[in-house]
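Here is a friendly note to read with the model open beside you. Take the points one at a time and find each place on screen as you go.

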Amino acid sequence: MKILVFGRTGQVATELQRQADVIALGRDKADLSDPTACAAAIRSHAPDAVINAAAYTAVDKAERNEDAATVINGDAPAAMAQTCAELGIPFVHISTDYVFDGTGETPFATDHPTGPLGAYGRSKLVGEDAVRAAGGAFVIFRTSWVVSAHGNNFVKTMLRLGAERDRLTIVADQIGGPTPAADIASLCLAAAEQLADDASKSGTYHISGAPDVSWADFARLIFEQSGFSPEVVDIPTTDFPTPAVRPANSRMDNSVTKAVFGLDRPDWRVGLQNILNELGL
Ligand code: NDP
């Protein structure tokens, strides 16, 4: 199956290229700021399926650049999904827990009403809605707290800070599921294959690593597994203000993913060990 991927250097895009012989388009080949160019890239490569692993992921910066974020996270996936629908090929798209309002303490179901708290979440919701409306075979995977051995993520930040400091204050009242990019990539590839045979699998799904954890407890596990030993002190979100409001509850219900794709929530502790091994720790 010839799979075209938008994104080349990102966390999920990198894992997709490791796991399959895909054509990955970097920003130089397809800039998501130009949705028409994305549609043209799909037509010229004539793939059997498209996976969009590119996005405007700078959550805080998006607060000041919502228009740019909305083109990249909303209009570009809209153009991709529309083109895939016209060509009759599956489109796999990645979204986020930030489309929810982060209230409560129970996992969000896939059909729970959305209510983004900020610009990034709003821009991703524009993309979701457009993909659902395009009329083709599609899967949207909402994920959370993506981690890998490359790019920018919480594991990499903790390893850097853990080597520099004896004591770290980490937010303890935001709870979610860290998700290895490798697990997202393998699910995207499986979904592309399965959608080509069975368009009735089209829909919106969740993939988040288990167990749910606070950032502070996640940090403790990272240090425990990597051999660093800074003291981790719990703090409330109010002590760590950021331009974009973070959801307090990022728990997501993965049961529909299990029912349709047969995938249990990946254990992020296993994924974390793989990442540390890859980093030589
Ligand atoms: P990264 O931030 O690691 O990578 C983003 C990718 O998008 C990069 O390859 C980047 O290219 C590309 N990109 C950004 N802007 C453009 C543009 N204008 N044109 C073309 N490419 C562009 O992303 P992740 O792999 O972490 O995220 C994958 C998906 O998961 C995204 O949809 C994201 O919204 C979603 N997600 C991520 C979470 C996280 O914690 N990271 C949490 C929840 C959902 P370049 O290298 O050239 O900058």
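1. Start with helix H8 (residues 215–226) and helix H10 (residues 268–278), which in this predicted model pack at an angle of about 45°. Their axes are 10 Å apart. Angles under 35 degrees would count as roughly parallel, and 65 to 115 as roughly perpendicular; H8 and H10 are therefore oblique to each other. The crossing of H8 with H10 is right-handed.

2. Now look at which residues meet there. From H8 come Phe-218, Leu-221, Ile-222, Gln-225 and Ser-226. On the H10 side you will find Trp-268, Arg-269, Leu-272, Gln-273 and Leu-276. Sorted by type, the residues of this contact between H8 and H10 are six nonpolar, three polar and one charged.

3. Helix H1 (residues 11–19) packs against helix H7 (residues 181–197) at an angle of about 60°, and their axes are 8 Å apart. That angle makes H1 oblique to H7. Here, too, you can check the handedness: the crossing of H1 and H7 is right-handed.

4. Which residues of H1 and H7 meet? H1 brings Gln-11, Val-12, Glu-15, Leu-16 and Gln-19, while H7 brings Ala-181, Ala-182, Ile-184, Ala-185, Ser-186, Cys-188 and Leu-189. The residues in the contact of H1 with H7 divide into eight nonpolar, three polar and one charged.

5. Next, the ligand. How many residues surround the ligand? There are 24, and the closest are Thr-9, Arg-27, Thr-57, Tyr-120 and Lys-124.

6. Zoom in on some atom pairs at the ligand. Arg-27 has a polar side-chain atom 2.6 Å from an oxygen atom of the ligand. Thr-57 likewise places a polar side-chain atom 2.7 Å from a ligand oxygen. With Ala-55, a backbone N or O atom is involved, lying 3.1 Å from an oxygen atom of the ligand.

7. Two spots in the backbone deserve a look as well. Ala-210 and Pro-211 are joined by a cis peptide bond, with omega about 0°. Pro-211 sits in the loop between strand S10 (203–207) and strand S11 (213–214).

8. The other spot is Ala-46, in the loop that links helix H2 (35–45) and strand S3 (49–52). What is phi of Ala-46 near? The value is near 45°, which is positive in a residue other than glycine.

Conventions: Residues numbered from 1 in each chain as written. Predicted model: local features only at pLDDT ≥ 70, side-chain atom pairs only at ≥ 80, totals over all residues. Heavy atoms only, no water. Axes fitted to C-alpha atoms, helices over the stretch in contact; angles between N-to-C directions. Helix = DSSP H or I, 4+ residues; strand = E, 2+ residues; numbered from the N terminus. Parallel < 35°, antiparallel > 145°, perpendicular 65-115°, else oblique. Left-handed = near helix turned anticlockwise from the far one by under 90°. Contact = heavy atoms within 4.5 Å. Nonpolar A, V, L, I, M, F, W, Y, C, P; charged D, E, K, R; others polar. Near = heavy atom within 4 Å. Polar contact = N/O pair within 3.5 Å; in protein donor to acceptor, adjacent residues only side chain to side chain.
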